[in-house]
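This report goes through a protein structure part by part, for a reader who has not seen it before. Please keep the sequence and the model in view while reading.

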Amino acid sequence: MQKISPFLWFDSNAEEAVDFYVSIFEDSKIKDVSRYGDAGPGPKGQVMVMSFEIEGQEFVALNGGPRFKFTEAVSFVVHCNGQKEVDHYWDKLLEGGGQTQACGWLKDRYGLSWQIIPRRLNELIVDPDRDRARRAMEAMLKMVKIDVAELERAYSGDAVPIG
C-alpha cells in the first residue's frame, strides 16, 4: 500500500463516481468497499468508503454528505502520450455533464478537476530556444482542449492564429 493516497469526499455518489473513473482508465480497479451499517451515519447499505486504483495510483472515496465540495485548488493531471489519448480522456471525463475550462483543464460531472496534458507540451515549453518555447506556451494559453498539432505548428513558427 502506498504511503499517501488522495482521499475524495463525495456527497452520496462515491460508488457511482468510482465506477465512472474505473470505466475510463484501462489500468484501474476497485480494491475495497465498506458500507454503512445500522450505526450510520449514512443510509444502511450505502457505500461509506471505497478504495480504488487508477494507473497504479491508489485513491479513497468517501460518501461524507454535502459538507464539502471539490475546487480547482486540487486537480489530477493525466499525462498523455499523444492526441489520441488527450481526446479519449477529455471526452470520457466530460461525459454526463462535465465542464470544459482552459488550458487542458476540465471538471467532471462530480466536480473533480482534471488536467489532460500531452507529454509533448512540457517538452515544447521547456525548450532552450526561448522563442519556440514562448510560441508553444502562447498557443496553449489560447486552447481549451490541448491540440498537439497546433502546439507543434506554433513551436515551429507555422501556426495559424487560434480564435
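## A turn residue with positive phi

With a relative accessibility of 44%, Glu55 counts as partly exposed. The model is a predicted one, and in it Glu55 has a positive phi of about 50 degrees although it is not a glycine. Glu55 sits in the loop between strand 3 and strand 4 (57-63). These two strands form a hairpin with two residues between them, and Glu55 is in the turn.

Cys103 also has a positive phi, near 60 degrees, and is likewise a residue other than glycine. Its place is the loop between strand 6 (99-100) and strand 7 (105-107). Cys103 has a relative accessible area of 18% and is buried.

Strands of a sheet pair through backbone hydrogen bonds, in a parallel or an antiparallel sense.

Strand 3 is largely enclosed by the rest of the structure, because six of its eight residues are buried. Strand 3 pairs with strand 2 in the antiparallel sense over seven bridges, and Lys29 stands opposite Glu53 of strand 3. Strand 3 and strand 4 also run antiparallel, joined by six bridges. In this pairing Ser51 has Val60 in strand 4 as its bridge partner, and Val49 stands opposite Leu62 in strand 4.

## A cis peptide bond

Which two residues are joined by a cis peptide bond? They are Gly40 and Pro41, with omega at about 5 degrees. Pro41 belongs to the loop between strand 2 (28-35) and strand 3 (47-54).

## Asn63 in strand 4

Asn63 is part of strand 4. At 3% relative accessibility, Asn63 counts as buried. A polar atom of the Asn63 side chain lies 2.8 Å from the backbone nitrogen of Ala14.

Leaving aside residues up to four places away in sequence, Asn63 touches Phe10, Asp11, Ser12, Asn13 and Ala14, as well as Tyr36, Gln46, Val47 and Met48.

Another open sheet is made of four strands in the order 5-8-7-6, with mixed pairing. Its edge strands are strand 5 (75-80) and strand 6, each of which pairs on one side only. Strand 5 and strand 8 (residues 113-118) run parallel and are joined by six bridges. His79 stands opposite Ile117 in strand 8. Helix 2 (residues 83-94) packs on the sheet, where it touches strand 5, strand 6, strand 7 and strand 8. Between the direction of helix 2 and that of strand 8 the angle is about 165 degrees.

The side chains of Lys107 and Glu72 are joined by a polar contact of 3.1 Å. Residues that Lys107 touches, not counting those up to four places away in sequence, include Glu72, Leu94, Gly98 and Gln99. Gln101, Leu112 and Ser113 are also among them.

## Helix 4 against helix 5

Helix 4 (residues 130-141) packs with helix 5 (residues 148-156) at an angle of about 145 degrees, and their axes are 7 Å apart. The crossing of helix 4 with helix 5 is right-handed.

On the helix 4 side, the residues that meet helix 5 are Arg132, Ala133, Arg135, Ala136, Ala139 and Met140. On the helix 5 side, they are Leu151, Ala154, Tyr155 and Ser156. The residues of this contact divide into seven nonpolar, one polar and two charged.

Notes: Residues are numbered from 1 along each chain as its sequence is written. This is a predicted model: local features need pLDDT of at least 70, side-chain atom pairs count only at pLDDT 80 or more; totals for chains, interfaces and linings use all residues. Side-chain values use heavy atoms; hydrogens and water are left out. Axes are lines fitted to C-alpha atoms, for helices over the stretch in contact, and angles run from 0 to 180 degrees between N-to-C directions. A crossing is left-handed if the near helix is turned anticlockwise from the far one by less than a right angle, and right-handed if clockwise. Contact means heavy atoms within 4.5 Å. Ala, Val, Leu, Ile, Met, Phe, Trp, Tyr, Cys and Pro count as nonpolar, Asp, Glu, Lys and Arg as charged, and the others, Gly among them, as polar. Buried means under 20% relative accessible area, exposed over 50%, partly exposed in between (1.4 Å probe, protein chains only). Two strands pair if DSSP finds at least two bridges between them. A polar contact is a pair of N or O atoms within 3.5 Å; within protein, one must be able to donate a hydrogen and the other to accept it, and residues adjacent in sequence count only if both atoms are side-chain atoms.
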